[in-house]
Amino acid sequence: MFFEKVVIAGIGLIGSSLARNLRRNRQAGIIAVCDKNPLYLQQAKALGLADEIETDIKKLVRDADLLVLATPVGAFGPLLKEAAPLLKRGSIVTDVGSVKKYALKEMEKYIDKESGIAVIGGHPVAGTEKSGPEAGFADLFRERWCILTPSKLSTPEALAKISEIWQAAGMRIETMTSEHHDKVMAAVSHLPHLIAYSIVGTVADLEGYEQKEIIKYSASGFRDFTRIAGSDPTMWRDILLNNKTTVLELIQRFVEDLIALERNIRWDEGDKLFDLFSRTQKIRKEVIEARQDQPEQEKRLQAELNNLKN
Ligand code: NAP
């Protein structure tokens, strides 16, 4: 699939990794980039990822065939309010946001049913805790899942075109409703991130502990939580506030399970602890077997970054 002009709003980790793929797979004639961060715009240009750069989306979208929203989800509404009236008939709007019900609601709010603009929700389930165009890399999406969530404004043709972009980037496609997406992601992504933020905050604030000792011995477990808790604050604020109901339900369940663990420890119920830890160990093995663990990708990212620096 070839688009004459693609506009990417937000040239961070995901937007820049997509731009790298569009270039590599020759799927875009012109790549125009809008970002509110002037440094990122300059970096995108220097990296050869953008033909046009602007902080004002209105200056880019008039002749776009595809608009990809790749900012934190909280910015989707304001960007669409400006861009939607200028988009041409036959163009496609998609996004990469980590919450889908809210993202589609914003898109359907600003794009008129009669406009002839197709809307497809998208979420490439791949990432790192890093931000910005220099953190992106083309292989980020390889062998990961991309979830597409069609909307009232979707067409089969637009769905096929968006699928093709992500497939060319190495992704496997799954299509589901935005509601189902948000429920699944609350469990596998939103709750784990929330817990990581909470643990790192708790340990960092503990009284009677030396901060430098916590950092010095962090490899014993804390370190792995800091990787997740090092993710972008704006992005995660927007995700948790826009999948509120499901996340709150899961927090309730998590608190109950944590209290049960507290009781197991208090009453020396070692067999119960052992059973749980054996079950979780099995889950870890299944994740590795499904090739959904990160170390390989991290190594590739480091190699790419080193190449860029040399
Ligand atoms: P990122 O690296 O922080 O990049 C986001 C970019 O959008 C930044 O350059 C940011 O500028 C810019 N931006 C923010 N508000 C804007 C606005 N109103 N107009 C124009 N640009 C704006 O973030 P990311 O990790 O690529 O995430 C982008 C999207 O992908 C999010 O919706 C997220 O939910 C989704 N996603 C992320 C991951 C992941 O693991 N990171 C995975 C899948 C999907 P500033 O730096 O100045 O704020």
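The model is predicted: local features require pLDDT of at least 70 and side-chain atom pairs count only at pLDDT 80 or more, whereas totals for chains, interfaces and linings use all residues. Residues are numbered from 1 along each chain as its sequence is written, and side-chain values use heavy atoms, with hydrogens and water left out.

**Exercise 1. Determine where D95 lies, whether D95 is buried or exposed, and which polar contacts its side chain makes.**

Step 1. Residue D95 belongs to strand β5, residues 92-95. Strands (E, at least two residues) and helices (H or I, at least four) are DSSP runs, numbered from the N terminus.

Step 2. D95 counts as buried because its relative accessibility is 0%. Buried means under 20% relative accessible area, exposed over 50%, and partly exposed in between, with a 1.4 Å probe and protein chains only.

Step 3. The side chains of D95 and K100 are joined by a polar contact of 2.7 Å. The D95 side chain also reaches the backbone nitrogen of G122, at 3.1 Å. A polar contact is a pair of N or O atoms within 3.5 Å; within protein, one must be able to donate a hydrogen and the other to accept it, and residues adjacent in sequence count only if both atoms are side-chain atoms.

Step 4. Leaving aside neighbours within four places in sequence, the contacts of D95 include L69, F76, A103, M107 and I120. Contact means heavy atoms within 4.5 Å.

**Exercise 2. Describe the surroundings of L104.**

Step 1. L104 is located in helix α4, residues 101-110. With a relative accessible area of 5%, L104 is buried.

Step 2. Not counting residues up to four places away in sequence, L104 touches V119, G121, T149, P150, S151 and S178.

Step 3. For L104 and S151, the C-alpha to C-alpha distance is 6.8 Å, although they are 47 residues apart in sequence.

**Exercise 3. Assign the buried and exposed residues of helix α2 to its faces.**

Step 1. Within α2 (residues 38-46), the residues L41, Q43 and A44 are buried. They lie on the same side of α2, because they cover an arc of only 165 degrees around the axis; the arc is that of the directions from the helix axis to the C-beta atoms.

Step 2. Exposed residues P38, L39, Q42 and A46 are carried by the face turned away from the buried side of α2.

Step 3. Strands β2 (28-34) and β3 (52-54) are the elements against which the buried residues of α2 pack.

Step 4. At the start of α2, a side-chain oxygen of N37 comes to within 3.1 Å of the backbone nitrogen of L39. Just after α2, G48 adopts a positive phi of about 75 degrees.

**Exercise 4. Characterise the residues around the ligand and the polar contacts made there.**

Step 1. The ligand is surrounded by 27 residues, of which I14, D35, Y40, T71 and S98 are the closest. A residue is near a molecule if one of its heavy atoms lies within 4 Å of it.

Step 2. A polar side-chain atom of S98 is 2.6 Å from a ligand oxygen atom. Polar backbone atoms also lie by ligand oxygen atoms: one of T71 at 2.7 Å, and one of G132 at 2.9 Å.

Step 3. The ligand taken alone exposes 890 Å², and the protein buries 86% of that; accessible areas come from the Shrake-Rupley method with a 1.4 Å probe.

Step 4. The elements giving two or more residues to the shell are α1 (13-24), β6 (118-125) and α9 (233-241).
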